[in-house]
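Opening the notebook on this one.

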Amino acid sequence: MRVKGLCFFTVLSALAASGMLQVSGIHIHTSGDVEAVNGTDARLKCTFETSAPVNPDNVIVSWTFRPLLKGREESVLYYHKKAYPVPDGIFKKKVVWAGDVLSYDASIIIREVKFIYNGTYTCQVKNPPDVHGKVGEIRLRVVYTASFNGLVFLALCIGGGITAMVLLLLLIVSCRRCKKNRQRQLEGCEEAPRKERKDPTACHPSRAVHLYLSMTSIEIDSSDGMISDASTKDPSSSEDEGPSSDDDDDDDDDSD
């Protein structure tokens, strides 16, 4: 008997050493301590690691609750292929499955937490053949208002959002101004050549003598220095007036 037992133990040791007989526990990670304001939703995060391939039809998740004060442990949620919330108790219609076993996530959400939810929550996951391992624990603390760290974080988030919006608006306004300035510069460059072009209706000064005939010129008499208005006269009209003065002289001679 001793020889047979020794041989059996030797075989098991050899199998374990060769890796043919390998049993490893499942590892569960939780968020530890969670603080939630009374009346808000609380997410209890639970993830797991397993050496066996994950089969959604085989994974089993169990959530239980143990109150701070002495009391019995009660079920919160059971998952196998789908979630099975508890039909009665303090968690009736208060717990929602928020995990994904293919993503190694077994988290849940508790709606509108109350002070009676203060306590320790345990998350246990089994993925056959990997069914051994420690359970994960989360200590939930329900408070009246958010803690100072939570308020600071909230204020930083709000301030960061407002700052980002202001910077975005400033960027949009500056881009619009730059676009307008470029348009003005382009319009100025187009108008400059136009101003240098000559008016097609204008003519050479030598050809525009008739334009000055209609204007009144001011002549200065060199004899007495008086300024007299000399109306513009047509050369043809001056020639007509010359003979008329000669005729007047002839008339005077006849009268004599």
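I started at arginine 184, which I found in helix H2, residues 148-196. This is a predicted model, so I am reading computed positions throughout.

Is arginine 184 buried or exposed? I got 60% relative accessibility, and the cut-off for exposed is over 50%, so arginine 184 counts as exposed.

Next I checked what sits with it. Arg184 belongs to a surface patch of positive charge, together with Arg176, Arg177 and Lys180.

Then the cysteines. How many disulfides are there? I count one disulfide. It joins cysteine 46 to cysteine 123, with 2.2 Å from S to S. I looked up where the two partners sit: cysteine 46 is in strand S4 (residues 46-49) and cysteine 123 is in strand S10 (residues 119-126).

The angle about the S-S bond is -80°, and the link of cysteine 46 and cysteine 123 is left-handed. Both cysteine 46 and cysteine 123 are buried.

What about cysteine 175? I found cysteine 175 in no disulfide; the nearest cysteine sulfur belongs to cysteine 178, 6.5 Å away. Cysteine 175 has a relative accessible area of 45%, so I put it down as partly exposed.

Last entry: cysteine 157 is at 43% relative accessibility and therefore also goes down as partly exposed.

Methods. Residues numbered from 1 in each chain as written. Predicted model: local features only at pLDDT ≥ 70, side-chain atom pairs only at ≥ 80, totals over all residues. Heavy atoms only, no water. Disulfide = S-S within 2.5 Å. Helix = DSSP H or I, 4+ residues; strand = E, 2+ residues; numbered from the N terminus. Buried < 20%, exposed > 50% of the residue type's maximum accessible area, 1.4 Å probe, protein only. Patch = residues over 30% accessible without salt bridge, like charges linked within 9 Å, V, L, I, M, F, W, Y side chains within 5 Å. Areas by Shrake-Rupley, 256 points an atom, 1.4 Å probe, with all protein chains shown as cover. Salt bridge = Lys/Arg side-chain N within 4 Å of Asp/Glu carboxyl O. Lys, Arg positive; Asp, Glu negative; His and termini not counted. Charge placed at Lys NZ, Arg CZ, Asp CG, Glu CD.
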